[in-house]
Amino acid sequence: MQKIFNRQFYFSIIASAFFTLIQAVVIAQDSAVSSSTSTTTTTSQTTTIQPWMWIVGGAIVLIIIIALLRGNNSDKTVITKERIRD
């Protein structure tokens, strides 16, 4: 039976606490209020994606996923049997 509380367990707890504190600091900085106000007007041109682009993109993503899941199956083991002649 292995010990439940080993070095890796303590490391993961400390890392989780550290990243939680970092996240709290980042969220606190994001909600800062600025006192200056400016008004800008921008014009933008929107484009729509054609349906065939969604199909081609989905096919490419599907091919990539299949290739990654298939993996490299070149590790085949060949077992040969020798007959002993009397």
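Me: What should I know before I start?
Reply: It's a predicted model, so local features need pLDDT of at least 70 and side-chain atom pairs pLDDT 80 or more, while totals for chains, interfaces and linings use all residues. Residues are numbered from 1 along each chain as its sequence is written, and side-chain values use heavy atoms, leaving out hydrogens and water.

Me: How many helices and strands does the chain have?
Reply: Helices (H or I, at least four residues) and strands (E, at least two) are DSSP runs, numbered from the N terminus. Here there are 2 helices and 0 strands.

Me: How many residues of α2 are buried?
Reply: Buried means under 20% relative accessible area, exposed over 50%, and partly exposed in between (1.4 Å probe, protein chains only). Of the 20 residues of α2, 0 are buried, so the helix lies largely in the open. Across the 86 residues of the chain, the buried share is 0% too. V56 sits in α2, residues 51-70, and is partly exposed at 40%.

Me: Which rings form an aromatic pair?
Reply: Rings of Phe, Tyr and Trp (its six-membered ring) pair if their centres lie within 6.5 Å; planes under 30 degrees apart are stacked, over 60 edge-to-face, the rest tilted. That rule gives 1 aromatic pair. F18 and F19 make an edge-to-face pair, 5.4 Å centre to centre with 65 degrees between the planes. F18 is partly exposed, with a relative accessible area of 49%, while F19 counts as exposed at 56%.
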